[in-house]
Amino acid sequence: RFHDGLPPARAASAAARTIGYHPLEAEALLVSGQLALELGERLGARAELERAVAAAEAGRHDVAAVQALTELLFVIGVEEGRPTDAFALRDRVTAVLERLGHPPALEARLDEELGKVEIVAEQLDDADRDLGHALALIEQGGGPDDVRAVDVLRALGQIALLRGDAAAARTRFERALAIDRR
């Protein structure tokens with residue numbers, strides 16, 4: 001399914017680049033970067049996401065910039081295992097979020113990915129805080145059974161396991177599974 005989406009996304013970004021419409025190019029590159037990541041093409045995903053950021057900034061498309069920077073933060077911090085380099089993006093994406101007025105959905109996504117990077121960096125208190133904030137924002141916007149909570153709950157379960165709290169981990173994993181099955 002992801003394989004089918006990648007060629008059209010790449011074609012859309014090339015077409016947008018040809019006509020010089022940076023906002024559309026940013027969105028197409030963001031989608032192709034996300035698809036590449038899902039397909040395990042980490043290097044391709046990173047390159048597409050970096051280009052998405054540049055196109056978003058050139059086209060003054062702040063929403064796409066936040067989305068691409070957030071995905072890039074995850075790729076660098078988790079997929080590449082370089083949390084320090086990922087943290088270097090935090091101020092940049094936070095500044096764009098501030099300009100946008102901190103939309104809850106974008107803020108939740110950043111907090112989720114930042115929390116995952118903090119797990120890699122073994123900053124469990126920070127990860128717990130950021131993932132907890134992401135979960136609260138998701139539940140505020142979509143209720144306690146919002147599917148976007150699944151990955152956040154899994155990450156919170158991972159933290160509980162790392163801390164040796166099997167009961168808390170089980171509770172979080174079971175809740176994630178229950179939401180995922182709906």
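**A buried glutamate and its helix**

Reply: Glu71 counts as buried, because its relative accessibility is 7% and the cut-off for buried is under 20%. The model is predicted. Glu71 lies in helix H4. Leaving aside residues up to four places away in sequence, Glu71 touches Leu30, Gln34, Leu37, Leu49 and Arg109.

Now the helix itself. H4 runs over residues 62-79, which is 18 residues. At 1.5 Å a residue it should span 26 Å. Of the 18 residues of H4, 14 are buried, so the helix is largely enclosed by the rest of the structure.

Next, what flanks the helix. Arg60 sits in the loop between helix H3 (42-58) and H4. Arg60 is exposed, with a relative accessible area of 76%. Its phi is near 55°, a positive value in a residue other than glycine. After H4 comes Gly81, and the phi of Gly81 is positive too, near 65°.

His102 is not a glycine, yet it has a positive phi of about 55°. It lies between helix H6 (90-100) and helix H7 (104-120). His102 counts as partly exposed, at 35% relative accessibility.

Then the helix pair. Two packed helices are described by the angle between their axes and the distance between the axes. The axes of helix H8 (residues 124-142) and helix H9 (residues 149-162) come within 10 Å and cross at roughly 155°. That angle is over 145 degrees, which makes H8 roughly antiparallel to H9. The crossing is left-handed.

On the H8 side, the contact is made by Leu124, Ala127, Asp128, Leu131, Gly132, Ala134, Leu135 and Ile138. H9 contributes Ala149, Val152, Leu153, Ala155, Leu156, Ile159 and Leu162. By class, the contact has 13 nonpolar residues, one polar and one charged.

Leu162 lies in H9. It is exposed, with a relative accessible area of 52%. Not counting residues up to four places away in sequence, Leu162 touches Ile119 and Leu124. Leu162 and Leu124 are 38 residues apart along the chain, and their C-alpha atoms are separated by 8.5 Å.

Conventions:
Residues are numbered from 1 along each chain as its sequence is written. This is a predicted model: local features need pLDDT of at least 70, side-chain atom pairs count only at pLDDT 80 or more; totals for chains, interfaces and linings use all residues. Side-chain values use heavy atoms; hydrogens and water are left out. Helices (H or I, at least four residues) and strands (E, at least two) are DSSP runs, numbered from the N terminus. The expected span of a helix is 1.5 Å times one less than its number of residues. Buried means under 20% relative accessible area, exposed over 50%, partly exposed in between (1.4 Å probe, protein chains only). Axes are lines fitted to C-alpha atoms, for helices over the stretch in contact, and angles run from 0 to 180 degrees between N-to-C directions. Angles under 35 degrees count as roughly parallel, over 145 as roughly antiparallel, 65 to 115 as roughly perpendicular and the rest as oblique. A crossing is left-handed if the near helix is turned anticlockwise from the far one by less than a right angle, and right-handed if clockwise. Contact means heavy atoms within 4.5 Å. Ala, Val, Leu, Ile, Met, Phe, Trp, Tyr, Cys and Pro count as nonpolar, Asp, Glu, Lys and Arg as charged, and the others, Gly among them, as polar.
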